[in-house]
Amino acid sequence: MSRVPRLGRPVSYAAAVAVLSLTASGCVTVHGEREVVRTATRPEAARALKDFLTAYNKADKAYDPALNASRVTGPLGAINQAGLKARHVQNPDGNSRYVPLKLTDVTYSIPKKAGWPRWFVVDAEANRKPHGYRWLIAFTRADADSLWEATYLNLVQPDRLPELKKDADGHVEPVAVGGGSGLAVAPRRLGGEYTAFLKSGGDAFEPGPHTTQWKAARDRNKRRLGLAVQYIDEPRDAGAFAPLGLRTKDGGALVFFATHHYEKQTASKGLNVTVDADVKALMKGEAKQSVMLERVSNQVALDPEGSGKVKILSRMQGLVGAKGE
């Protein structure tokens with residue numbers, strides 16, 4: 001099972017009149033829903049990443065989710081905040097041997113688009129295991145009064161990353177998530193297709209560790225001796241969990257999307273459910289006979305142009321809640 005290393009909202013298309021205003025930093029910001037502009041300047045994106053890392057390292061050292069709550073949202077925020085809460089229960093004094101997260105060799109993929117939310121993607125190398133992977137972090141900003149927040153995080157091997165389509169100014173191209181993008185699966189439908197695949201199979205996705213192999217492992221888990229296991233999977237495709245997509249040079253798209261997973265474990269009569277420390281730290285109630293585990297997962301995928309199968313490049317999942325019965 002993949003774990004996040006320690007560590008939005010639907011676009012409004014209301015036709016507003018564009019108004020230019022000068023920000024405190026001296027940058028000109030366009031307020032309007034029809035004006036196509038870059039979502040951030042490179043210095044602004046770099047500052048957003050720096051602010052995220054500062055808050056993240058403080059929170060991770062202290063195991064205090066309040067210290068970076070304003071800098072994370074969506075699936076990454078749900079996983080990160082729950083993980084910090086669980087570790088704080090187990091280690092209330094924090095981590096005295098904490099090594100700060102550092103990102104190097106950073107590139108910024110900044111699209112041009114109209115309206116809000118605005119977003120961009122960071123591609124970087126981290127001083128964390130597993131080494132040799134690129135960290136992809138999608139940052140979103142809900143409106144002009146909001147902070148930039150880290151929303152998606154995935155680790156991808158460099159040779160699996162696609163080349164993104166860029167214009168003459170070096171800006172990448174976002175894809176429409178609801179349809180009309182010419183992709184095999186509209187980004188808005190990816191979560192639903194993925195959860196349907198986990199339940200019943202199908203041919204929408206390429207075989208691999210996050211599709212056929214994960215489904216097979218879950219199917220085997222249902223037949224564990226003395227334990228009945230049930231799964232409920234749901235797409236998360238609205239608000240801060242909305243998918244994000246960037247056009248690739250070959251016409252497809254690199255898409256980030258989120259899903260929500262419940263796993264109920266019920267022990268046979270006379271047996272007990274095993275509850276580990278992470279689960280216990282987040283659990284409500286008492287696991288006398290069963291426990292319901294709640295997880296959030298975020299995926300990054302290659303969605304081909306026209307037709308074909310979607311390839312899941314990475315899946316990062318974390319426990320966000322538990323209930324004992």
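Helices (H or I, at least four residues) and strands (E, at least two) are DSSP runs, numbered from the N terminus. The model is a predicted one, in which local features need pLDDT of at least 70 and side-chain atom pairs count only at pLDDT 80 or more, while totals for chains, interfaces and linings use all residues. Residues are numbered from 1 along each chain as its sequence is written, and side-chain values use heavy atoms, with hydrogens and water left out.

The protein chain averages a pLDDT of 90. This score is the predictor's confidence in each residue, from 0 to 100. At least 70 is reached by 90% of the residues. Over residues 1-32, pLDDT stays under 50. For that stretch the model has 84 contacts beyond four places in sequence, a contact being heavy atoms within 4.5 Å.

Helix α1 has 21 residues. From first C-alpha to last it reaches 30 Å, close to the 30 Å expected at 1.5 Å a residue. The expected span is 1.5 Å times one less than the number of residues. At the start of α1, a side-chain oxygen of T41 reaches to within 3.1 Å of the backbone nitrogen of E44. Buried residues of α1 include A45, L49, F52, L53 and Y56. Buried means under 20% relative accessible area, exposed over 50%, and partly exposed in between (1.4 Å probe, protein chains only). The cover over the buried residues of α1 includes α2 (74-90), β4, β6, β7 and β8.

Two strands pair if DSSP finds at least two bridges between them. β6 (residues 118-126) and β7 (residues 134-141) pair over 8 bridges in the antiparallel sense.

Most residues other than glycine have a negative phi, and most peptide bonds are trans. D105 is not a glycine, yet its phi is positive, about 50°. D105 is found in strand β4. The peptide bond from W116 to P117 is cis, with omega near 0°. P117 sits in the loop between β5 (112-114) and β6. A cis bond also joins K129 and P130, with omega about 0°. P130 is placed in the loop between β6 and β7. D159 lies in the loop between β8 and α3 (187-200) and is exposed, at a relative accessible area of 68%. D159 and R134 are 25 residues apart in sequence and 9.8 Å apart in space, C-alpha to C-alpha.

The loop between α1 and α2 holds Y63. Just after α1, Y63 takes a positive phi of about 55°. Y63 counts as buried, at 4% relative accessibility. T73 lies in the loop between α1 and α2. At 12% relative accessibility, T73 is also counted as buried. Beyond its neighbours within four places in sequence, T73 is in contact with T140, E149, A150, T151 and A240.

Helix α2 has 17 residues. It reaches 25 Å from first C-alpha to last, close to the 24 Å expected at 1.5 Å a residue. Its buried residues include P75, L76, I79, L84 and R87. The buried residues of α2 pack against α1, β8, β11, α5 (277-282), β13 and β14.

Of the 14 residues of β13 (residues 290-303), 11 are buried, so the strand is largely enclosed by the rest of the structure. β11 (residues 253-267) pairs with β13 in the antiparallel sense over 14 bridges. F257 stands opposite Q299 in β13. β13 and β14 (residues 311-324) are also antiparallel, over 12 bridges. The bridge partner of M292 in β14 is K323.

Methods:
Polar contact = N/O pair within 3.5 Å; in protein donor to acceptor, adjacent residues only side chain to side chain.
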